[in-house]
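Have the structure open as you read.

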Amino acid sequence: MTPFSPNLGSPYPWLRELKSEERGLYLIHLLLTCANYVSLNNLENANLCLEQISQLASANGDTMQRISAYFNEALADRILKSWPGIHMALNSTKISSFSEEVIVKRYYFELCPFLKAAYLITNQAVTDAMEGEKMVHIIDLNSSEPAQWIALLHTLSSRQEGPPHLRITGIHQRREVLEQMACRLNEEAEKLDVPFQFNPIVSKLEDLDLEKIRVKTGEALAISSVFQLHSLLAFDEDIMQKKSPLQMSQKTLGELLEKDLKSSTKIDRFLSALWSLSPKLMVVAEQDSNHNGSTLMERLTEALYYYAALFDCLESSVPRTSMERITVEKMLFGEEIKNIIACEGVERKARHKKLEKWVRRLNKAGFGNVKFSYLALLQAKRLLENFGCDGYRIKEENGCVVICWQDRPLFQLSAWRFRR
């Protein structure tokens with residue numbers, strides 16, 4: 001299985017002569033071939049693949065060139081991880097800047113409609129579920145974007161029976177993020193004359209102690225989880241790897257992850273704790289793709305087509321030279337790709353699952369599915385239609401919502417309630 005010309009040691013001048021479509025197909029072939037060599041620990045041929053990909057890929061090129069640049073980087077990073085000393089030395093001076101994280105998320109929010117659609121659908125579901133309630137409590141599992149709750153405050157302020165008392169428990173691992181959230185929301189609530197309280201909890205999701213969250217008597221509870229739950233699946237694998245060799249020999253790791261959904265796993269303990277809070281509504285938004293395969297080849301194949309669609313979204317509406325676009329592709333999509341391809345064990349957080357897998361797990365946890373209202377779907381469709389380019393689609397699947405680029409599912413939303 002080799003794609004190379006006889007002149008392996010040359011700088012591959014013939015690659016430059018490939019037309020755009022030929023180049024894209026050849027890049028896909030090279031990435032799959034390289035991943036196969038990496039899986040086989042054939043580093044010499046993997047290195048030759050990486051060299052050819054580098055000749056063709058470009059973070060400033062067309063969709064396939066851009067995405068190939070980040071998959072190339074991820075495959076190289078996976079190889080380097082087999083030499084921990086080299087990998088740590090090369091990454092020892094990298095600094096994770098809080099201001100950079102804020103900027104990237106702001107660019108993503110502005111350039112892509114997915115977060116806007118998720119917030120809009122969630123807010124409408126909350127509005128529908130909380131009709132007539134006098135005290136509303138929302139637990140936000142990733143409290144970093146005030147725009148979502150500012151919009152809800154405006155909706156609640158115009159409620160015919162008057163606004164309820166709104167309490168938001170915001171969870172985030174950075175204190176400064178929660179402080180900014182509290183400042184913006186308190187300011188807006190005061191302007192709108194909505195009784196409001198913001199309770200910050202500084203914690204990573206995997207370390208969150210839900211027993212510390214108190215739901216007051218008379219409060220109707222809603223939970224919002226936007227692109228969060230998949231990260232807890234990393235701890236499922238950690239538990240499975242501790243099972244006896246006999247158990248592991250009877251089933252593959254993938255089968256165990258799918259079928260052995262016992263309460264000993266972190267995700268199921270977490271969902272059980274959420275269930276015990278008796279929420280009137282829980283809205284879950286997740287990436288709609290299977291990036292949790294047990295092998296590198298499975299994950300790369302699925303991720304390649306998924307992220308190609310995401311990059312294509314930006315290609316259709318944002319200039320290639322846009323620094324905002326390049327920043328989102330590198331610091332958001334590129335880092336997710338690297339996590340899916342280069343990481344294993346609890347370090348691999350980007351364990352995205354298809355909608356049917358989440359439906360099965362949430363049903364098993366004791367939640368009952370709630371169908372989104374016609375108004376929620378209509379508002380989301382209008383938002384996507386007005387975003388400035390044709391290609392975004394929204395479809396309903398058994399009461400849940402899937403947001404697509406063309407025919408490719410990208411994001412899913414489902415609504416749930418406490419069920420005895």
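S278 counts as partly exposed because its relative accessibility is 37%; buried means under 20% relative accessible area, exposed over 50%, and partly exposed in between (1.4 Å probe, protein chains only). Its phi is near 55°, a positive value in a residue other than glycine. S278 lies in the loop between α12 (266–276) and β5. Helices (H or I, at least four residues) and strands (E, at least two) are DSSP runs, numbered from the N terminus.

Most residues other than glycine have a negative phi. F227 sits in the loop between β4 and α9 (234–240), and with a relative accessible area of 15% it is buried.

## Where the numbers come from

This is a predicted model, where local features need pLDDT of at least 70, side-chain atom pairs count only at pLDDT 80 or more, and totals for chains, interfaces and linings use all residues. Residues are numbered from 1 along each chain as its sequence is written, and side-chain values use heavy atoms, leaving out hydrogens and water.

## The chain overall

The chain has 16 helices and nine strands, and buried residues make up 53% of its 420 residues. Take the contacts (heavy atoms within 4.5 Å) between residues at least 6 apart in sequence: 78% of them join residues at least 24 apart.

How many of the residues in strand β4 (residues 220–226) are buried? Seven of its seven. A220, A222, S224 and V226 point one way, while L221, I223 and S225 point the other.

## Helix α14

Helix α14 (residues 323–342) bends by about 35° at G334. The bend is the angle between axes fitted to the seven residues ending at a position and the seven starting there. The helix is mostly covered, with 14 of its 20 residues buried.

## Salt bridges

A search of the whole structure finds 26 salt bridges, each a side-chain nitrogen of Lys or Arg within 4 Å of a carboxyl oxygen of Asp or Glu. In one of them, E344 meets R78, with the closest N and O atoms 3.0 Å apart. E344 is in the loop between α14 and α15 (355–364) and R78 is in helix α3 (residues 63–80), so this pair ties together parts that are 266 residues apart in sequence. E344 is partly exposed at 32% relative accessibility, as is R78 at 22%.

K354 and D288 make another salt bridge (3.4 Å, N to O). K354 lies in the loop between α14 and α15 and D288 in the loop between β5 and α13 (296–317), so the two tie together parts 66 residues apart in sequence. K354 is partly exposed at 23% relative accessible area, whereas D288 is buried at 3%. Elsewhere, salt bridges that share partners join R66, E315, R320, R325 and E329 into one network.
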